[in-house]
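Subject: A structure for you to look at

Hi there,

Here is the structure I promised to pass on to you. Please open it and keep it beside this email while you read.

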Amino acid sequence: MARGRKAPRVAKKKYCKLCFEKVTFIDYKDERKLQRFLTDHGKIVPRRVSGSCARHQAQVTRAIKRARILALLPYTSDQIR
Amino acid sequence: MKEYESIFVLDPGVDDAQVDAELEKIQDFITGRDGEITEIQKWGRRKLAYEIRKKREGIYTLIRFRGGPSLPAELDRRYRLNENIMRHLTVVYEAPPEGERPRVSQETQRTTEAAPAKMEAAPAKGEGAPAPGESDKKEEA
């Protein structure tokens with residue numbers, strides 16, 4: 001199968017944006033900054049997509065989950081339904 | 001004693017005087033159990049990210065306090081008994097690193113004493129609340 005395949009797409013190397021920005025503290029109250037780690041539907045962007053490192057992904061995830069409890073961030077988008 | 005941060009969201013049908021009354025009750029509850037209040041922030045009315053009890057808005061208040069290990073659980077129970085409180089969250093306070101501005105910096109009331117003086121400013125914050133966040137965004141850009 002592999003033989004007949006087209007030229008593989010060369011993916012750009014992913015990197016952790018938060019490491020790049022040297023972010024050390026992620027605040028669950030700052031829903032604007034957390035928004036970029038959510039998809040349009042309100043799901044948390046997985047590491048395989050965002051390229052986040054384990055530490056930052058864990059921090060972001062925790063912050064988003066806290067923010068969701070307080071309705072600062074959605075669990076899901078309202079539009080669909 | 002650990003420092004905790006607690007946010008509760010009141011039903012939007014609650015009027016301003018009652019918001020202050022509720023806050024006072026919570027404060028008394030904390031101090032009555034040897035807690036020490038270190039900061040109060042009234043975020044005022046804010047849009048909810050999703051509907052709660054058919055409401056699209058809530059009145060947010062943040063309390064930071066020091067207290068014993070059983071206090072958060074007791075406070076939690078206290079919140080649950082109050083029907084005006086739609087959502088609440090108490091977590092161990094993590095101080096942001098130096099130089100990083102807290103989210104609602106400008107209109108923040110640092111101490112309990114300062115709170116009454118700012119009460120008039122609180123209702124207007126419904127529209128004003130997004131403003132500090134917006135200035136954050138500009139800095140990012």
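Predicted model: local features only at pLDDT ≥ 70, side-chain atom pairs only at ≥ 80, totals over all residues.

Residues are numbered from 1 along each chain as its sequence is written, while chains are lettered from A and ligands numbered from 1 in the order in which they are written.

Chain B and its sheet

Chain B has 5 helices and 4 strands (helices are DSSP runs of H or I with at least four residues, strands are runs of E with at least two, and both are numbered from the N terminus). Along the sequence, the pattern of chain B reads β-α-β-β-α-β-α-α-α. Its 4 strands form an open sheet in the order S2-S3-S1-S4, with antiparallel pairing (two strands pair if DSSP finds at least two bridges between them). S2 and S4 of chain B are at the edges with a single partner strand each, so one side of each has no neighbour in the sheet. From one strand to the next, the twist averages 20° (axes are lines fitted to C-alpha atoms, for helices over the stretch in contact, and angles run from 0 to 180 degrees between N-to-C directions).

Two helices pack on this sheet. H1(B) touches S1, S2 and S3 of chain B, and its direction makes about 25° with that of S3(B). H2(B) touches S1, S3 and S4 of chain B, and its direction makes about 175° with that of S4(B). Touching, or being in contact, has a cut-off: the C-beta atoms of two residues, placed from the backbone, lie within 7 Å.

In S4(B), B:Val9 has B:Arg87 as its bridge partner, and B:Leu10 has B:Ile85. Of the 9 residues of S1(B), 7 are buried, so this strand is largely enclosed by the rest of the structure. (A residue is buried if 20 or more other C-beta atoms lie within 10 Å of its own, exposed if 12 or fewer, and partly exposed in between.)

For a contrast, look at B:Arg66, which lies in strand S3 of chain B. B:Arg66 has 16 C-beta neighbours inside 10 Å, so it counts as partly exposed. B:Arg66 and B:Tyr4 are 62 residues apart in sequence, yet their C-alpha atoms are 6.0 Å apart in space. Leaving out residues up to four places away in sequence, B:Arg66 touches residues including B:Met1, B:Lys2 and B:Gly35.

Chain A

The secondary structure of chain A comes to 4 helices and 0 strands. Its radius of gyration is 16 Å, well over the 12 Å that the globule rule gives for 81 residues, so chain A is more spread out than a compact globule (the radius is taken over C-alpha atoms, and the rule is 2.2 Å times the number of residues to the power 0.38). Along the principal axes, the C-alpha atoms of chain A fill a box of roughly 55 × 40 × 15 Å. Buried residues come to 23% of the 81 in chain A, and to 27% of the 141 in chain B.

Where the chains meet

How many residues of chain B are in contact with chain A? There are 17, and they touch 15 residues of chain A. On the chain B side, the largest share, 4 residues, comes from S2(B). That side divides into 10 nonpolar, 2 polar and 5 charged residues (Ala, Val, Leu, Ile, Met, Phe, Trp, Tyr, Cys and Pro count as nonpolar, Asp, Glu, Lys and Arg as charged, and the others, Gly among them, as polar).

Happy exploring!
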